[in-house]
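I opened the notebook to look through a structure that is new to me.

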Amino acid sequence: MSTRIAETPASDRPRERLLRLGPAALTQAELLAIVLGTGTQGRSAPDLAGELLVAGPLSALARRSPADVARTPGVGAAKAARVSAALELGRRLQEEGRGERPRIRSPADVYRWFAPRLADLTAEEFHVLALDSQSAVLRDLMITRGILNSSLVHPREVFRGAIAEAAAGIIVVHNHPSGDPTPSRADIQMTQAIVEVAKPLGIAVHDHLIVGKDGHASLKGMKLI
């Protein structure tokens, strides 16, 4: 049976325990309950946190889209946004802790960066890897997450984040859930449109890499850029 937060002794509530003992003393479910903030009718925030974590580890929750998280009964859009923002802050903190930013020297470097996250997805994701003038990674920007084979990307969305990061160049990356990384005609046309938009902005489009289960395709390597 669910226990209401109001019925829990104040000293045992997640927020009070965090303030008294520090975040390291709390379980993942307790930390997530603080991010959620409130529960819903009949279920407390710790109950909702437990439901979000029951399907797998925290890394599995981090891979879910905000819309998917929001579909969990009792969560909704506002709580899902808070959860996704908190997980993204954690990811960016981890990036900062890596020290020197990795440099991209070849399509293989890009593939190693993205394959663990994209190769086995059942829906397309479209990313922009923003690079500085020395080809060091500034930020990995996810532009869209779409249903199977139907991610639509507008060039202005590609460059919004790149401009904010003061990127000198970009590499665009997306996955083919079919597993075959061969570029489609739509992939080629989209890439050409992105290259044209990039010219007056002074941002170089170094490559478009397509990730599949068994490898990758570089449009630059195929002389399609």
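How many helices and strands does the secondary structure of the protein come to? I found nine helices and five strands. I took these as DSSP runs, numbered from the N terminus: helices are H or I with at least four residues, strands are E with at least two.

I noted what I was working with. This is a predicted model, where local features need pLDDT of at least 70, side-chain atom pairs count only at pLDDT 80 or more, and totals for chains, interfaces and linings use all residues. Residues are numbered from 1 along each chain as its sequence is written, and side-chain values use heavy atoms, with hydrogens and water left out.

**Overall**

The order is α-α-α-α-α-α-α-β-β-α-β-α-β-β.

I looked up burial next. Of the 225 residues in the protein, 39% are buried. Buried means under 20% relative accessible area, exposed means over 50%, and partly exposed lies in between (1.4 Å probe, protein chains only).

The accessible surface comes to about 12,500 Å². Carbon and sulfur atoms hold 56% of that surface. Such areas come from the Shrake-Rupley method with a 1.4 Å probe, and for residues only the protein chains shown count as cover.

I also checked contacts, meaning heavy atoms within 4.5 Å. I took those between residues at least 6 apart in sequence, and 58% of them join residues at least 24 apart.

**Helix 1 and helix 2**

At what angle do helix 1 and helix 2 pack? I got about 110 degrees, with the axes 9 Å apart. Helix 1 covers residues 14-21 and helix 2 covers residues 28-36. Axes are lines fitted to C-alpha atoms, for helices over the stretch in contact, and angles run from 0 to 180 degrees between N-to-C directions.

The two helices are therefore roughly perpendicular to each other. The scale I used is this: under 35 degrees is roughly parallel, over 145 roughly antiparallel, 65 to 115 roughly perpendicular, and the rest oblique.

Helix 1 passes helix 2 in a left-handed crossing. That term applies if the near helix is turned anticlockwise from the far one by less than a right angle; clockwise makes it right-handed.

I listed the residues in contact. Helix 1 brings P14, R15, R17 and L18, and helix 2 brings E30, L31, A33 and I34. By class I counted five nonpolar, no polar and three charged residues. Nonpolar covers Ala, Val, Leu, Ile, Met, Phe, Trp, Tyr, Cys and Pro; charged covers Asp, Glu, Lys and Arg; the others, Gly among them, are polar.

**Helix 2 and helix 3**

Helix 3 spans residues 45-54. I found helix 2 packing with helix 3 at about 120 degrees, axes 8 Å apart. This crossing is right-handed.

Which residues meet here? From helix 2 I wrote down Q28, A29, L32, A33 and L36. From helix 3 I wrote down A45, P46, L48, A49, L52 and L53. The contact divides into 10 nonpolar, one polar and no charged residues.

**Helix 8 and helix 9**

Helix 9 takes in residues 185-201. The axes of helix 8 and helix 9 come within 9 Å and cross at roughly 40 degrees. That makes helix 8 oblique to helix 9. The crossing is right-handed.

P155, V158, F159 and I163 of helix 8 meet A193, I194, V197, A198 and L201 of helix 9. I sorted them into nine nonpolar, no polar and no charged.

I stayed with A193 for a moment. A193 is partly exposed, at 34% relative accessible area. Its C-alpha atom is 9.0 Å from that of H154, which is 39 residues apart along the chain.

**Positive phi**

Most residues other than glycine have a negative phi. I looked up two with a positive value.

A166 has a phi of about 55 degrees. A166 sits in the loop between helix 8 (155-164) and strand 3 (169-175). Its relative accessible area is 63%, so A166 is exposed.

K223 has a phi near 60 degrees. I found K223 in the segment after strand 5 (215-218). K223 is exposed too, with a relative accessible area of 74%.
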